[in-house]
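Here is a friendly tour of one protein model, meant to be read with the sequence and the 3D view side by side. Please keep both open as you go.

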Amino acid sequence: MFILTALLLLVATPLMAADFNMADGLSKFFGEMGFTSFFTGEGWKNAVMLAIGCVLLYLAIKKEYEPLLLLPIAFGMILTNLPGAGLFHTELWNGEFLNPDSEYYHSYRHIMADGGLLDILYIGVKAGVYPCLIFLGVGAMTDFGPLIANPKSLLLGAAAQIGIFATFLVTQMDIFGFTLQESASIGIIGGADGPTAIFLTTKLAPQLLGPIAVAAYSYMALVPVIQPPIMRMLTTEKERKIRMQQLRTVSKKEKIIFPIVVAIIVSLILPSAATLIGCLMLGNLFKESGVVERLSKAAQNELNNIVVICLGTTVGATATAEAFLNGHTLSILCVGIVAFGIGSASGVLMAKAMNLFLSKDNKINPLIGSAGVSAVPMAARVSQVEGQKADPRNFLLMHAMGPNVAGVIGSAVAAGVLLSFLG
């Protein structure tokens with residue numbers, strides 16, 4: 001229909017302009033069609049990226065793998081790789097525009113003048129606004145009660161961050177060829193926290209944002225596939241049958257004081273983590289205070305949904321053919337799953353180590369240690385499912401939520417540490 005309309009316009013134009021050249025008009029029209037780009041130069045790479053985007057859409061829609069973010073990321077990937085569409089311009093975010101000596105540095109005027117729709121929306125990613133607003137929504141949806149009731153869970157959440165730093169060290173080997181900043185951004189995948197991965201990567205290695213975001217959210221969606229074999233390999237059947245004591249009831253006062261104290265203490269110790277931790281705890285305070293229900297609901301729903309759309313689409317837009325189809329991307333995908341596996345295993349092993357010092361009645365079921373990664377609440381549900389396979393009457397969900405929400409704090413702190421050293 002579009003081609004027919006264009007041809008009709010070309011036929012009608014000579015009637016209005018005597019100097020119109022039909023051949024030149026047709027040549028210009030067909031030359032600007034995106035289809036022709038697939039058969040010239042490296043246009044085939046764009047076709048490959050469109051296919052990858054469609055595969056990710058299939059996983060998001062049919063398999064429901066983290067659809068809230070994977071779907072917009074996949075569609076953003078498709079939009080940015082449409083030849084000639086001009087929705088996102090990688091060159092506006094590289095080279096002289098990011099050079100401190102450039103006249104454009106610290107200014108987004110060139111983006112507003114020369115950029116496309118996704119370039120303008122990407123400012124929120126580059127400035128670190130979108131991940132922080134998502135943390136605000138996450139905080140408003142999170143119940144820190146299980147963590148407050150069982151403070152030992154904080155150690156499990158901290159142990160699960162070992163995967164981040166182990167991966168950071170491993171990727172500094174010569175065979176990978178990553179810089180310190182790139183290794184830090186890849187390592188954060190092990191925390192299984194998409195917004196944190198995006199936040200740190202935009203600060204340290206923006207050129208890797210597309211592959212890292214896809215890896216982070218893909219592995220978060222694959223938690224029920226990746227974690228169970230690791231959990232069963234590191235635990236005995238007897239350990240998986242351990243029943244934990246019921247958690248005490250946490251008072252409203254404790255739930256209100258907790259986000260305030262955590263925000264202050266963490267920010268004083270690690271100012272670089274204040275942005276993420278502050279937004280997370282502010283959202284939680286909205287929820288627990290009980291006096292700003294409208295703000296709490298807005299953070300959980302309208303605001304969070306709008307930001308997810310903008311964040312997912314623009315992050316997907318960074319996955320251009322040049323940035324995605326290279327050896328580094330394959331390395332990121334491979335190392336990322338190792339980072340996630342190490343994080344899960346570290347939490348389980350920490351629980352086993354803690355049991356050596358706990359009385360018989362206070363033993364920890366090691367399965368909840370794997371929930372220390374920041375995939376809320378999926379990782380906690382996996383602990384529950386695996387525990388009931390060993391003992392159908394064993395209920396671990398609330399116990400697993402402790403290290404699970406501790407992992408959210410832990411991944412933000414880990415990002416702050418890396419940013420403090422390398423930013």
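## The chain as a whole

What percentage of the 423 residues of the protein chain count as buried? The share is 51%, where buried means under 20% relative accessible area, exposed means over 50%, and partly exposed is in between (1.4 Å probe, protein chains only). Before going further, please note that this is a predicted model, in which local features need pLDDT of at least 70 and side-chain atom pairs count only at pLDDT 80 or more, while totals for chains, interfaces and linings use all residues. Residues are numbered from 1 along each chain as its sequence is written, and side-chain values use heavy atoms, with hydrogens and water left out.

The secondary structure comes to 24 helices and zero strands. These elements are DSSP runs numbered from the N terminus, with helices (H or I) having at least four residues and strands (E) at least two. Among contacts in the protein chain with a separation of 6 or more, 75% are between residues 24 or more positions apart; a contact means heavy atoms within 4.5 Å. The chain exposes about 19900 Å², and carbon and sulfur atoms supply 67% of that area. Accessible areas come from the Shrake-Rupley method with a 1.4 Å probe, and for residues only the protein chains shown count as cover.

## Helix H24 and Ser420

Helix H24 covers residues 397–422. From its first C-alpha to its last, H24 reaches 37 Å with its 26 residues, close to the 38 Å expected at 1.5 Å a residue; the expected span is 1.5 Å times one less than the number of residues. Because 20 of its 26 residues are buried, H24 is largely enclosed by the rest of the structure.

Ser420 belongs to this helix. Is Ser420 buried or partly exposed? Its relative accessibility is 47%, so Ser420 counts as partly exposed. Leaving aside neighbours within four places in sequence, Ser420 touches Leu270 and Ser272. Ser420 and Leu270 are 150 residues apart in sequence, yet their C-alpha atoms are 7.9 Å apart in space.

## A nonpolar patch

Ile257, Ile260, Val261, Ile264, Ile265, Leu268 and Ile269 make a nonpolar surface patch of about 680 Å². Patches are made of residues with over 30% relative accessible area and no salt bridge; like charges are joined within 9 Å, and nonpolar side chains (Val, Leu, Ile, Met, Phe, Trp, Tyr) within 5 Å. Val261, one of the patch residues, is found in helix H17, residues 252–269. With a relative accessible area of 36%, Val261 is partly exposed.

## Salt bridges

Side chains of opposite charge can pair when their charged atoms come close. Taking a salt bridge as a side-chain nitrogen of Lys or Arg within 4 Å of a carboxyl oxygen of Asp or Glu, the count is nine. One of them joins Lys352 and Glu239, whose closest N and O atoms are 2.8 Å apart. Lys352 lies in helix H22 (residues 327–355) and Glu239 in helix H16 (residues 237–240), so this pair ties together parts that are 113 residues apart in sequence. Lys352 is partly exposed at 23%, whereas Glu239 is buried at 17%.

Arg243 pairs with Asp391, with 2.9 Å between the closest N and O atoms. Arg243 is in the loop between H16 and H17 and Asp391 in the loop between helix H23 (378–390) and H24, so the bridge ties together parts 148 residues apart in sequence. In helix H23, Lys389 and Glu386 sit three residues apart, about one turn of the helix, and they form a salt bridge at 3.1 Å between the closest N and O atoms. Lys389 is exposed at 57%, while Glu386 is buried at 4%. Salt bridges that share partners join Arg232, Glu386 and Lys389 into one network.

## Aromatic pairs

Rings of Phe, Tyr and Trp (its six-membered ring) pair if their centres lie within 6.5 Å; planes under 30 degrees apart count as stacked, over 60 as edge-to-face and the rest as tilted. The count comes to three aromatic pairs. Phe88 and Tyr122 form an edge-to-face pair, 5.5 Å centre to centre with 85° between the planes, and both residues are buried. Phe176 and Phe178 have ring centres 6.2 Å apart and planes at 20°, so this pair is stacked.
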